[in-house]
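Thanks for coming, everyone. Let me put the structure up, and then we will walk through it together.

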Amino acid sequence: MRVNRILLSVPLVVVALVIQVSVLARLHLPGAVPDLLLLTVLGLAMVYGHVGGALIGFGAGLLADLAPPADHAAGRYALVLCVIGYLAGLVKPETGQIKSATGPMAVVVAAAVGSTLLYAGVGALVGDTAARHVGLTGLLFSAALYDLLLAPFVVPGVMFLARRAENDPLAETNSAAKGSDISSGWLSSGTGLKIGGQRGGLKMRAAKSRATRAGRIKGVKRL
């Protein structure tokens, strides 16, 4: 990953995790907890693509696995967010710009449902049956609802910051310098030579006209 992507992703992930653990988890809402970390990963993945989304998702999930008060096996949520980040990165548009909010909202709902199912499935493999006692249907509905309500306030801002980070000032300066070099090359190879040729031609014509006038004056004096 690029350095500017890492420098942006790490603070966003840390802030999202702190808010989720210290604020959202203490609201005691019915069903699931609004997953601010998931929305942050989705916003970054839809700008950076599937590889960046998978790497960011794995790092964010591993951080959530190790952060207290985590009560599940380490690596469980890292696997979930890695898969979700990879899949979300596949819907990245070729132009890098999303024209409507329908696509991102659909991605948010699919990610909320998919992450809950995947988390419960991995938990069943390792012997964690907490999802059965809470009710998987209620978790799916509440996770999709909470994330969908929170997404308009998180995903567009994360995507905006990610796009701004992609516009590297050093790259823009280098490209501008290259453009100026190319334009100066065009001028020197095209218009500059023509102007120089025209100037040389004018000088030659002026010299010829002077020589002709001098010859005429000498001829008149001889007569």
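**Helix by helix**

Start with α4. Its buried residues are Pro-104, Val-107, Val-108, Ala-111, Ala-112, Ser-115, Thr-116, Ala-120, Val-122 and Gly-123. Buried means under 20% relative accessible area, exposed means over 50%, and partly exposed lies in between, with a 1.4 Å probe and protein chains only. Helices here are DSSP runs of H or I with at least four residues, strands are runs of E with at least two, and both are numbered from the N terminus.

A word on sources. This is a predicted model, where local features need pLDDT of at least 70 and side-chain atom pairs count only at pLDDT 80 or more, while totals for chains, interfaces and linings use all residues. Residues are numbered from 1 along each chain as its sequence is written, and side-chain values use heavy atoms, leaving out hydrogens and water.

Now the overall picture. The protein has eight helices and zero strands. Of its 223 residues, 32% are buried. Take the contacts between residues at least 6 apart in sequence: 74% of them join residues at least 24 apart. A contact means heavy atoms within 4.5 Å.

How far should α4 span at 1.5 Å a residue? Its 24 residues should span 34 Å, and its end C-alpha atoms are 34 Å apart, which agrees. The expected span is 1.5 Å times one less than the number of residues.

On to α1, residues 3-22. Its 20 residues should span 28 Å, and the end C-alpha atoms are 29 Å apart, which agrees. Buried here are Arg-5, Leu-8, Ser-9, Leu-12, Val-13, Ala-16, Leu-17 and Gln-20. Seen down the axis of α1, these buried residues fall within an arc of 150°, so they line one face of the helix. That arc is taken from the directions from the helix axis to the C-beta atoms. On the other side, Val-3 and Leu-7 are exposed. What covers the buried residues of α1 includes α2 (36-66) and α6 (136-166).

Pick out Leu-17, in α1. At 11% relative accessibility, Leu-17 counts as buried. Not counting residues up to four places away in sequence, Leu-17 touches Leu-37, Leu-63, Ala-64 and Ala-67. Leu-17 and Ala-60 are 43 residues apart in sequence, yet 8.3 Å apart in space, C-alpha to C-alpha.

Next, α3. It has 14 residues and reaches 20 Å from first C-alpha to last, close to the 20 Å expected. Its buried residues pack against α2 and α4. Among them are Arg-76, Tyr-77, Val-80 and Leu-81.

Now the aromatics. Rings of Phe, Tyr and Trp (its six-membered ring) pair if their centres lie within 6.5 Å; planes under 30 degrees apart count as stacked, over 60 as edge-to-face and the rest as tilted. By this rule there is one aromatic pair. Tyr-77 and Tyr-119 are edge-to-face, 6.0 Å centre to centre, with 85° between the planes. The pair links α3 to α4, 42 residues apart. Tyr-77 counts as buried at 10% relative accessibility, whereas Tyr-119 is partly exposed at 25%.

Finally, confidence. pLDDT is the predictor's confidence in each residue, from 0 to 100. The protein averages 76, and 66% of the residues score at least 70. Over residues 168-198, pLDDT stays under 50, and the model has five contacts there beyond four places in sequence. Where pLDDT is low, the predicted coordinates should not be read in detail.
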